[in-house]
Amino acid sequence: MLHRAAFAQRHSRALAQRTFFGFGKADAPPPVSLEGKVCWVVGGVDVVGQHVVRGLLDAGASVIVNTRSTTRLEALVEGLGRPERLTPIKGSLLPGRAEATVDRVMEMSGNRLDHVVAHAGVRYWAGRGACDETRTLAGDHLFSLSDEEFAQKAVQVPALHFSAARLLMPRVANDADASYTFVLGDAVDGARSALGGINSRACAGLACACRHELKGVACKINQLNLSVPGAFADAAAEDAFLRDLGAATAGVAARASGDQALVEDVAGAAGIARVKAAYPAAAGLLDAGDADEALRA
């Protein structure tokens with residue numbers, strides 16, 4: 001059974017004892033911590049989702065992640081070493097189902113939510129049908145669709161993210177320490193199916209619209225646009241890249257300064273390294289624990 005205490009600050013560490021110079025160059029900004037913060041990851045629990053969750057956990061956050069598949073939740077928990085600050089929820093954020101999922105989680109958390117990270121179509125370089133969020137769109141040929149089918153499938157992914165933003169943004173919008181961060185893959189031609197590309201561009205449009213719609217709110221609204229020139233040499237290189245993406249995402253989500261709206265175009269490993277250095281997050285706070293009771297049947 002999930003207790004509200006699971007969302008509280010659990011691992012009090014003497015971060016203040018870590019001097020500024022202990023984290024790298026003297027001109028680098030000091031790392032920020034997500035200890036005691038509650039983060040919700042929207043967008044899937046496969047390869048990219050696992051690395052985003054890892055980055056947030058490693059920065060000290062308590063992390064909520066949802067999906068409709070118990071098997072995928074169990075794989076995520078096992079893959080991360082069963083961290084006790086991870087709360088996997090079986091539930092959907094698709095339109096028509098999101099309200100029940102959000103209400104249930106907010107009741108469990110005592111209505112505490114500090115940060116949201118929404119990722120969509122990031123791993124496009126893996127090929128058509130392999131990207132976490134667009135594999136269901138890979139088999140459709142554009143002009144084989146009826147008008148009605150196109151109207152539904154053209155917004156399949158952004159509809160989920162709109163549903164999540166509509167329900168979760170109001171819960172963080174009035175907090176200057178809070179953030180809503182979009183992590184989006186490039187809509188490069190040829191790397192996705194036609195519908196995958198349309199959905200990817202629509203997600204970028206949604207993120208832009210949210211920034212404009214919510215000008216003047218207290219929370220920070222971030223957008224990382226990710227592109228990967230060329231292919232990775234091997235699986236280890238991709239894994240290292242995605243680990244850095246998770247760390248950079250945590251740093252951007254936790255940033256304490258700068259404009260209310262942040263948009264970063266991130267190209268390849270060099271781009272990730274730049275963002276990670278510009279917005280460093282405290283690291284090494286990922287803990288292992290028994291997450292069995294948090295799994296929802």
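This is a predicted model: local features need pLDDT of at least 70, side-chain atom pairs count only at pLDDT 80 or more; totals for chains, interfaces and linings use all residues.
**View 1. N66 and its polar partners.** The side chain of N66 makes a polar contact with the side chain of W40, at 3.0 Å. Residues are numbered from 1 along each chain as its sequence is written, and side-chain values use heavy atoms, with hydrogens and water left out. N66 sits in strand β2, residues 62–67; helices (H or I, at least four residues) and strands (E, at least two) are DSSP runs, numbered from the N terminus. N66 is buried, with a relative accessible area of 8%; buried means under 20% relative accessible area, exposed over 50%, and partly exposed in between (1.4 Å probe, protein chains only). Not counting residues up to four places away in sequence, N66 touches W40, V41, V45, I89, G91, S92 and L93, where contact means heavy atoms within 4.5 Å.

**View 2. L76 on helix α2.** Look for L76 in helix α2, residues 70–79. L76 is buried, with a relative accessible area of 1%. Setting aside neighbours within four places in sequence, L76 is in contact with V45, Q50, V65 and L86. L76 and V45 are 31 residues apart along the chain, and their C-alpha atoms are separated by 6.6 Å.

**View 3. The open sheet.** Seven strands run in the order β3-β2-β1-β4-β5-β6-β7, with parallel pairing, in an open sheet. β3 (86–90) and β7 stand at the edges with a single partner strand each, so one side of each has no neighbour in the sheet. From one strand to the next, the twist averages 15°; axes are lines fitted to C-alpha atoms, for helices over the stretch in contact, and angles run from 0 to 180 degrees between N-to-C directions. Strand β5 (residues 179–185) pairs with β6 in the parallel sense over 7 bridges, and V183 stands opposite L224 in β6. Two strands pair if DSSP finds at least two bridges between them.

**View 4. The β7 end of the sheet.** Strand β6 (residues 220–227) and β7 pair in the parallel sense over 7 bridges, with Q223 opposite V263 in β7. Strand β7 (residues 261–267) has L262, E264 and V266 on its covered face, and A261, V263, D265 and A267 on the uncovered one. Helix α8 (residues 268–278) lies across β6 and β7 and runs at about 145° to β7.

**View 5. The nonpolar cores.** The largest nonpolar core has 39 residues, and L34, V53, L56, V63, L86, W125 and L226 have the most contacts inside it. (A nonpolar core is a set of buried Ala, Val, Leu, Ile, Met, Phe, Trp, Tyr and Cys residues joined through side-chain atoms within 4.5 Å.) The largest share of this core, 8 residues, comes from α7. Leaving out neighbours within four places in sequence, V53 is in contact with V41, V63, V65, L80 and L86. Apart from this core lies another, of 35 residues, among them L93, A98, A118 and A207.

Key:
A polar contact is a pair of N or O atoms within 3.5 Å; within protein, one must be able to donate a hydrogen and the other to accept it, and residues adjacent in sequence count only if both atoms are side-chain atoms.
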